[in-house]
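Okay, thanks for coming, everyone.

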Amino acid sequence: MRQIANLSYRKTGCQPVLHKETFVENKFAAIKEKNFELFRQEFEEQRTIGRALPVQVWLETTTRCNLNCRMCPRRYGPPHTGSDMPLDVFKRVEEALFPTLKHVELQGWGEPLFAENFEAFYDSACRHGVRVSFITNGTLLTRAWLERFVRDDVGLMISVDGATNDTMRYVRGITLDRVEEAIRRYNEIKTAVTTSRSNLHIVFVAMRRNLEELPALIERAAKEWRAASLLAVHLQRAGLPPEMRDEHLSTDPDRADAVFVESFQLARQLGLTLELPPLFGKRVRGEDAAAARAMAAEAEKQSYHYCGLGLFRSSDQRNPYPNRCPDPWLKSYVEVNGNVRPCCAYGRVFGNLARQPFGDIWNGPLYRRLRRKIHSGVPPLLCRECNVIYGIAGGNPDSLLAQLGPVDRAIVAAQRAKRRYHLWRERQK
């Protein structure tokens with residue numbers, strides 16, 4: 001079996017502080033830790049059949065949302081009214097996984113707090129000592145919910161895609177003032193509960209329209225909002241409509257790198273933890289080159305999986321991809337209807353909980369094939385195109401794809417042609 005280089009399992013200051021239940025002894029603690037250690041072993045050995053169950057699960061609590069954000073697949077994908085995860089689907093996940101689960105992301109293609117059964121999901125996670133996180137647009141954060149999140153030490157993640165009302169209206173259709181109202185209310189409640197370890201995290205989808213506002217947003221997050229961290233991510237390129245494709249920062253890499261370097265230096269001065277995608281690196285010189293090296297060093301120290309896990313670097317010099325992704329061994333994504341996928345970005349369904357026990361899906365042929373292929377010379381196309389920083393492409397798939405040799409580029413072209421064919425076949429049905 002191939003070994004994974006530079007394995008690191010650590011907890012860092014940028015990791016959200018979550019449920020109190022995870023910091024005290026509970027009847028599930030020993031089971032969870034044993035499962036976690038088994039995951040570590042099986043990932044290091046790259047086993048295709050796992051005895052460990054997922055350490056993390058994304059639960060798509062709802063596909064409904066009260067906003068219509070410009071970059072969201074709900075806006076430009078197939079029209080649908082949305083739906084909520086039924087309790088019977090959730091119960092299958094709860095019974096199969098919650099005793100061993102460390103972290104649950106109550107998140108999908110919708111606003112989590114819009115879900116009809118969100119409170120039931122949240123309460124169950126508390127009872128089982130499972131860490132909870134989710135990203136919210138901030139519009140449904142009532143005082144009652146904020147009081148619970150502060151009391152339960154939840155790391156609150158709020159999407160903010162601009163430092164002005166005009167930009168927020170363009171991207172999300174709401175004003176920044178509306179989100180700031182929820183942030184002020186959260187800080188007011190947290191100040192009154194002096195024992196709370198809850199903290200605030202800002203999530204920023206970077207695009208050409210809002211890029212220049214990132215430094216101003218960092219300053220506001222640090223000075224006014226008392227945020228613990230800010231996470232900046234690229235647009236997910238796959239499936240973007242024509243009017244949004246030019247918004248991707250790969251269309252202006254030099255400007256993106258310059259703003260990222262400026263933002264990194266500002267965040268360091270202000271003491272704000274900033275998670276950025278890797279630089280495109282086309283014209284990074286002088287002081288900017290030194291900052292880029294500091295950014296890379298900082299990325300090595302950060303935690304990306306809510307379980308104290310850092311980056312997993314590849315030791316295979318022949319492999320052009322810098323990282324080894326733990327997701328096929330670490331997590332699953334469960335859609336509202338019970339469909340199971342390996343992560344939020346992987347479009348293929350591996351099974352359905354209404355028809356199969358979870359274990360049959362987890363060690364079924366599609367999961368086994370993914371574990372075998374993801375770190376091979378021919379990884380799946382969706383993994384090549386992934387923009388997550390701990391994915392195999394290190395958060396910058398465009399630069400990696402551009403550096404591939406002619407044989408690998410031909411393989412990628414064939415993979416994309418195959419995908420186009422399957423999409424065409426789906427449309428003909």
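So, salt bridges: there are 27 of them in this structure, and keep in mind that what you're looking at is a predicted model. Let me go through a few.

Start with Glu-37 and Arg-40, whose side chains meet in a salt bridge at 3.1 Å, N to O. Both sit in helix 1, which covers residues 29-44, and because they are 3 residues apart there, about one helical turn separates them. How exposed is Glu-37? It has a relative accessible area of 36%, so it counts as partly exposed. Arg-40 comes out at 22% relative accessibility, and that also makes it partly exposed. With the buried cut-off set at under 20%, you can see why Arg-40, at 22%, still goes down as partly exposed.

Next one: Lys-223 with Glu-219, where the closest N and O atoms are 2.8 Å apart. Here we're in helix 8, residues 214-223, and the two are 4 residues apart, so again that's about one helical turn. Lys-223 has a relative accessible area of 54%, so this one is exposed. Glu-219, at 32% relative accessibility, is partly exposed.

There's also a network: Arg-208, Glu-212, Asp-252 and Arg-255 are joined into one by salt bridges that share partners.

Now, which parts of the chain does the bridge between Arg-172 and Asp-161 tie together? Arg-172 is in helix 6, residues 165-172, while Asp-161 is in the loop between strand 5 (155-159) and helix 6, so the bridge links parts that are 11 residues apart in sequence. The closest N and O atoms in that pair are 2.6 Å apart. And are these two buried or exposed? Both Arg-172 and Asp-161 are buried.

Okay, on to helix packing. Two packed helices get described by the angle between their axes and the distance between those axes. Take helix 4, residues 118-127, and helix 5, residues 143-151: their axes come within 13 Å and cross at roughly 10 degrees. An angle under 35 degrees counts as roughly parallel, and that's why we call helix 4 roughly parallel to helix 5. The crossing of the two is left-handed.

Who's touching whom? On the helix 4 side you have Phe-118, Glu-119, Tyr-122 and Asp-123, and they meet Trp-145, Arg-148 and Phe-149 from helix 5. Sort those contact residues by type and you get 4 nonpolar, 3 charged and no polar ones.

A couple of backbone spots to look at, too. Gln-46 has a phi near 55 degrees, which is positive, and it isn't a glycine. You'll find Gln-46 in the loop between helix 1 and strand 1 (56-59). Its relative accessible area is 6%, so Gln-46 is buried. Then there's Arg-226, not a glycine either, with a positive phi of about 55 degrees. Arg-226 is in the loop between helix 8 and strand 7 (229-234).

Let me zoom out to finish. How many helices and strands does the chain have? The secondary structure comes to 17 helices and 11 strands. The chain has 429 residues, and 54% of them are buried. And if you take the contacts between residues at least 6 apart in sequence, 73% join residues at least 24 apart.

Methods: Residues numbered from 1 in each chain as written. Predicted model: local features only at pLDDT ≥ 70, side-chain atom pairs only at ≥ 80, totals over all residues. Heavy atoms only, no water. Axes fitted to C-alpha atoms, helices over the stretch in contact; angles between N-to-C directions. Parallel < 35°, antiparallel > 145°, perpendicular 65-115°, else oblique. Left-handed = near helix turned anticlockwise from the far one by under 90°. Contact = heavy atoms within 4.5 Å. Nonpolar A, V, L, I, M, F, W, Y, C, P; charged D, E, K, R; others polar. Salt bridge = Lys/Arg side-chain N within 4 Å of Asp/Glu carboxyl O. Buried < 20%, exposed > 50% of the residue type's maximum accessible area, 1.4 Å probe, protein only.
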